[in-house]
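Please read these notes with the structure open beside you.

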Amino acid sequence: MKILMMGPPGAGKGSQSAKVVDHYDLPSISTGQMFRDAYKNGDPIGIEAMKYIKKGELVSDDITNEIVRLRLSKNDAENSFLLDGFPRTVAQAAALDGMLTKMGTKLDAVFNILSSNDVLFERMEQRRVCRSCDTTYHLKFKIPKECGVCDKCGGELYQRPDDTLESVKRRLEIYETKTRPLLDYYDKKGILYHINGMQPFDNVYNDIELVIRDL
Ligand code: AP5
Ligand code: MG
């Protein structure tokens, strides 16, 4: 199974991807997470990427395509994977097609998680993430048992540096101009599924699962 999660920032791509990869035992390939991990580890790529991430800008296509190419070349991604947040530009979509053609495969489904801008702003403002295990919380809808502490590992919860109002606005602008056009690209391939991301977590997941079961 080869799946792609699309949607604007804060739509719930990461939350739903976590459930899907857990349930179907798929390798998760999230470019945003890979950049954050690289930054945490002090890798030059992560340090360079964080300059753009903080401002809500996209990291260059060259760097992004290369980290995905390297990740897809690992054995565990041969038969199945879930992509979260890649591709985001027409050039990245073309690069991904090239990588998949070389692997002799193609995407089975692209999920577009939809949400209103009001909900997206609120979600990113209220999001907190564990510094150690990256589990995501929401201060109203997924509340940690102890304030500021991860339920899973006891790690410290923090606010992502790109969840500032200014950065969120920029991320939404970029989504509209650079990423939204890809929906048409995947619709034409007949593999695009729209999912209402404004429902409670489990309902969103159920809608995704209904599609996956029929693939
Ligand atoms: P990335 O990490 O991918 O960020 P994003 O696309 O902006 O999306 P988010 O992670 O903010 O939101 P999400 O949709 O995953 O929502 P979540 O599940 O967390 O990328 C970050 C940056 O890296 C980019 O801006 C760019 O700079 C760079 N980058 C990454 N990929 C790149 C690429 N391909 N090319 C170039 N640059 C790239 O949910 C959000 C909140 O809402 C959470 O608090 C959650 O608990 C809550 N929530 C989720 N679902 C629900 C629900 N159903 N009900 C109530 N609350 C919910
Ligand atoms: Mg995410």
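1. A backbone N or O atom of Glu57 lies 2.6 Å from an oxygen atom of ligand 1, a polar contact being a pair of N or O atoms within 3.5 Å. Arg88 places a polar side-chain atom 2.5 Å from a ligand 1 oxygen atom, and for Arg36 the corresponding distance is 2.8 Å.

2. This is a predicted model, in which local features need pLDDT of at least 70 and side-chain atom pairs count only at pLDDT 80 or more, while totals for chains, interfaces and linings use all residues. Side-chain values use heavy atoms, without hydrogens and water.

3. Ligand 1 is surrounded by 35 residues (a heavy atom within 4 Å). Among the closest are Ser15, Arg127 and Arg171. By class, this shell has 13 nonpolar, 13 polar and 9 charged residues. Its largest share, 4 residues, comes from H2.

4. What fraction of the accessible area of ligand 1 does the protein cover? The protein covers 97% of the 1,000 Å² that ligand 1 has on its own (Shrake-Rupley method, 1.4 Å probe). Helix H1 (13-24), helix H2 (31-40), strand S6 (136-138) and helix H9 (201-213) each give two or more residues to the shell; helices are DSSP runs of H or I with at least four residues, strands runs of E with at least two.

5. The second largest pocket holds about 250 Å³ of space. Helix H4 (61-72) and helix H5 (90-103) each supply at least two residues of its lining. Lining residues include Asn65, Arg69, Met99 and Lys102. The lining divides into 4 nonpolar, 3 polar and 5 charged residues. A pocket here is an open set of points on a 1 Å grid where a 1.4 Å probe fits, with protein on both sides within 12 Å along at least five of seven lines; lining residues have an atom within 4 Å of a point.

Methods. Residues numbered from 1 in each chain as written. Chains lettered and ligands numbered in written order. Polar contact = N/O pair within 3.5 Å; in protein donor to acceptor, adjacent residues only side chain to side chain. Nonpolar A, V, L, I, M, F, W, Y, C, P; charged D, E, K, R; others polar. Points joined across faces, edges and corners; volume = space filled by probe spheres on them.
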